[in-house]
Amino acid sequence: GLDDFDCVLSNDDVTKHKPDPEIYLLAAARLGVPPSACWVVEDTEPGVLAGRAAGMRVAAVPSCYTRQSHDFSAADTIINNIGELVA
C-alpha cells in the first residue's frame with residue numbers, strides 16, 4: 001500500500017501540473033535527495049517531460065491507453081510493464 005512509500009504526493013500538493021517538474025522537485029526535497037539521484041516512472045508523455053525537466057532519470061511504462069498516442073522518446077528507457085523494474 002501507500003504506507004510502503006517514504007513520500008506520497010498528488011496534484012493537491014502543487015500549484016503547477018505536469019509537464020511542469022514541480023511535483024518531482026518537491027518529492028526530491030521532501031526525501032532529502034538531489035533530483036539527479038532520482039528515477040521517475042511514468043506512463044504519460046507529460047510525466048516523462050516533467051521528470052526530465054526536474055533533472056531526473058525517467059523510465060517510461062506506456063499503458064494500453066498511452067502507448068500509441070504519446071511520445072516517450074525523452075525517457076531514458078522504455079519498459080513494457082512495471083514488473084521489469086523489479087526483475
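Analyst: Helices here are DSSP runs of at least four residues and strands runs of at least two, both numbered from the N terminus. The model is a predicted one. With that numbering, α1 supplies the largest share of the lining of the largest pocket, five residues. The elements that give two or more residues to this lining are α1 and β1. In total the largest pocket is lined by 18 residues, and about 640 Å³ of space lies in it. Nearest its centre are Phe 5, Cys 7, Tyr 24, Ala 27 and Trp 39. By residue class, the lining divides into 15 nonpolar and three charged residues, with no polar ones.

Cys 7 leads on to the cysteines. A disulfide requires two cysteine sulfur atoms within 2.5 Å. The closest cysteine sulfur to that of Cys 38 is in Cys 7, 9.8 Å away, which is too far for a bond. By this rule the count of disulfides is zero. Cys 38 is buried, with a relative accessible area of 12%, whereas Cys 64 is exposed, at 65%.

Next come the charged pairs. Side chains of opposite charge can pair when their charged atoms come close. The structure holds two salt bridges. One of them joins the side chains of Glu 42 and Lys 18, with an N to O distance of 2.5 Å. Glu 42 belongs to strand β1 (residues 39–42) and Lys 18 to the segment before α1 (22–31), so this pair ties together parts that are 24 residues apart in sequence. Glu 42 is buried, with a relative accessible area of 6%.

Arg 52 counts as partly exposed, at 38% relative accessibility. Asp 76 is likewise partly exposed, with a relative accessible area of 36%.

How values were computed: Residues numbered from 1 in each chain as written. Predicted model: local features only at pLDDT ≥ 70, side-chain atom pairs only at ≥ 80, totals over all residues. Heavy atoms only, no water. Salt bridge = Lys/Arg side-chain N within 4 Å of Asp/Glu carboxyl O. Buried < 20%, exposed > 50% of the residue type's maximum accessible area, 1.4 Å probe, protein only. 1 Å grid on protein atoms, 1.4 Å probe; cavity = no way out; pocket = protein on both sides within 12 Å on 5 of 7 lines; lining within 4 Å. Points joined across faces, edges and corners; volume = space filled by probe spheres on them. Nonpolar A, V, L, I, M, F, W, Y, C, P; charged D, E, K, R; others polar.
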